[in-house]
Every structure is written in C-alpha cells, then in structure tokens.
Amino acid sequence: MGTVALDAMVFIALGILEESATRTPRVLSVVSSVFERSIRKNEKLIRRSKMKDVITMFHASEVPALSIRRYIERIFKYSSCSPSCFVVAYIYIERFLQRRGICLTSLNIHRLLITSIMVAAKFMDDECYSNAYYAKIGGVSISELNKLEIEFLLSLDFKLHVTIDMFGKYCRQLEDEGVGENQISRLMRVSSIRGD
C-alpha cells in the first residue's frame, strides 16, 4: 500500500477528513492522551530529580480545573477550526518545547494549547476568529493571549509551515498512539466482562 493511501486511511481514522459537525474528531482525544502521558512522565521526572521547572509566561499559578481533553474539546466546539489544526498545533508545541528546552507540565499545557491552536487556525484555515474570541474560549485575557502569541511566534522564529510529509508523519505517530490507546481500552472492557 502506498504512502498516500496509508495517509488517507490514517486521516480518516483520526477524523481529519470527516466533515461531521455532530461527531468529535478522534484526533482530539488522541492528542489529549499524548499530552497527558507526556505531562505525567515529565512531572514524575521533575519530582524525582528535584529539579526546578523552568517558568515561562505560559505557566499558570495553579493547575486549571478543566482537563486537557475537555479544554481541547471546548476549543474545537467554539472555534470551529479544522481537525488538522490540532495536529499542526501539536507539531508547533513540540517545536516550541524543543527550542525553549522546557518540559510540558500541567501548569503550561492550557496556555500552550490555546495559543498553538489559534496560531494553527490562522495559518491553516480560510476563516478564523479574532484573538479576543480565542481569549474568551481559552479563559485568558486578550492582552495575555496577545503576549502569548508573540512569545510563541518568536520562539518558533515565525516558522509555521508544516510540509505534507511532516503532517503525514505526525498523523501516523498519533494514529499509532491511538491504536495503543484503543487496545488498552478494549483489554480493560474484556477484562471487566470476564471479571478478571
């Protein structure tokens, strides 16, 4: 099977090509799961090594009450941005973390999400809401979101282009993560049915 056909199957599996307004694209739950696992691992490492987390303007003073998954679903619901924006935002966050040399934590994920998704929507989608609207969706002030956007773009050197090959690679990675997630979920259901 060729790469193009494989990518198309992955895009469909993640809900990127689906135009259903009533169904939440699977990519949202997969991306949130990947972020949650990364945060658990990072925070465990920070606690064990007793190292200090590098504080940035993306850090909140306390962990937001809204889970990562609910926050991503909220952004999707109210922003109407395409599902592909969530893959591109994932790529942007990875680039940002690498360039800044910081860890993803429960204190910085929400501000990184709203900023990266907004930037991805501006770059990818034909229509996009204003920063003021995204600030309302994300629960931050407009002035804070404007500062976050500038800092984010400067950290990425304004390099927002994602090649088709890179997009496909990240989608395949996410799909692999999602397949593992589904297998674990199925095993748990089978185990509970059998009474193990």
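Predicted model: local features only at pLDDT ≥ 70, side-chain atom pairs only at ≥ 80, totals over all residues.
**Entry 1, the chain.** I began with the secondary structure and found eight helices and zero strands, so that from the N terminus on the elements read α-α-α-α-α-α-α-α. I then looked up burial, and 44% of the 196 residues count as buried. The accessible surface comes to about 11100 Å², and carbon and sulfur atoms account for 56% of that area. Among contacts with a separation of 6 or more, I noted that 80% join residues 24 or more positions apart.

I turned next to the largest nonpolar core, which has 51 residues, and in which F35, Y92 and L113 have the most contacts. The elements that give two or more residues to this core are α2, α3 (68–79), α4, α5 (109–124), α6 (131–138), α7 (142–155) and α8 (164–194), and α4 gives the most, with 11 residues.

Last, I looked up the largest pocket, which holds about 340 Å³ of space and is lined by 15 residues, with V34, S38, K41, N42 and E94 nearest its centre. Both α2 (26–49) and α4 (84–100) supply at least two residues of this lining, and α2 gives the most to it, with six residues. Sorted by class, I recorded eight nonpolar, three polar and four charged residues in the lining of the largest pocket.

Key: Residues numbered from 1 in each chain as written. Heavy atoms only, no water. 1 Å grid on protein atoms, 1.4 Å probe; cavity = no way out; pocket = protein on both sides within 12 Å on 5 of 7 lines; lining within 4 Å. Points joined across faces, edges and corners; volume = space filled by probe spheres on them. Helix = DSSP H or I, 4+ residues; strand = E, 2+ residues; numbered from the N terminus. Nonpolar A, V, L, I, M, F, W, Y, C, P; charged D, E, K, R; others polar. Core = buried A, V, L, I, M, F, W, Y, C linked by side-chain atoms within 4.5 Å. Buried < 20%, exposed > 50% of the residue type's maximum accessible area, 1.4 Å probe, protein only. Contact = heavy atoms within 4.5 Å. Areas by Shrake-Rupley, 256 points an atom, 1.4 Å probe, with all protein chains shown as cover.
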